[in-house]
Amino acid sequence: MKTLLPLFETATANPGDFISASDIFSDTATIDLTGTDLVGIDSISISLNGGTPTFIADLSNPSYQIDTNGLSDGVHYFDIVIRDRGETVFTQRYEITVDN
């Protein structure tokens with residue numbers, strides 16, 4: 001299992017560069033989201049390959065698991081969106097390479 005650590009210094013800043021398409025993933029990967037300005041936000045959602053967004057239930061300790069066993073080998077992407085007061089305050093796309 002691999003853990004991804006995008007770091008949100010603030011909800012409006014770009015996260016640190018912790019994930020790249022050159023990273024190779026298999027089995028499961030956990031995305032742990034940390035930040036200093038996430039208190040009081042409305043939602044964090046993650047969508048894999050443009051699919052239906054999954055909303056993170058625990059905003060005090062936000063994380064998400066990707067099971068790569070259901071994905072074909074190759075490059076995939078996920079989008080992280082943070083909303084506050086009904087408006088998008090952060091959005092970022094990350095690419096990962098799957099090799100099961």
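**Strand pairing and burial**

Reader: What makes S6 and S7 a pair?

Author: S6 and S7 run antiparallel and are joined by 2 bridges, and two strands pair if DSSP finds at least two bridges between them, so they are called paired. In one of these bridges Ser 45 has Phe 55 in S7 as its partner. S6 and S7 form a hairpin with 5 residues between them, and Asn 49 in the turn has a positive phi of about 55 degrees.

Reader: How are the strands themselves defined and numbered, and what kind of model is this?

Author: Strands are DSSP runs of E with at least two residues, numbered from the N terminus. This is a predicted model, in which local features need pLDDT of at least 70, side-chain atom pairs count only at pLDDT 80 or more, and totals for chains, interfaces and linings use all residues. Residues are numbered from 1 along each chain as its sequence is written, and side-chain values use heavy atoms, with hydrogens and water left out.

Reader: Why is strand S6 called largely enclosed?

Author: Buried means under 20% relative accessible area (1.4 Å probe, protein chains only), and 5 of the 6 residues of strand S6 (residues 43–48) are buried, so the rest of the structure largely encloses this strand.

Reader: Which strand pairs with S6 over 6 bridges?

Author: S9 pairs with S6 over 6 bridges in the antiparallel sense, with Ser 43 opposite Arg 83 in S9.

Reader: What makes S3 and S7 edge strands?

Author: The open sheet has 5 strands in the order S3-S10-S9-S6-S7, with mixed pairing, and S3 (24–25) and S7 (54–55) each pair on one side only.

Methods: Helices (H or I, at least four residues) and strands (E, at least two) are DSSP runs, numbered from the N terminus. Buried means under 20% relative accessible area, exposed over 50%, partly exposed in between (1.4 Å probe, protein chains only).
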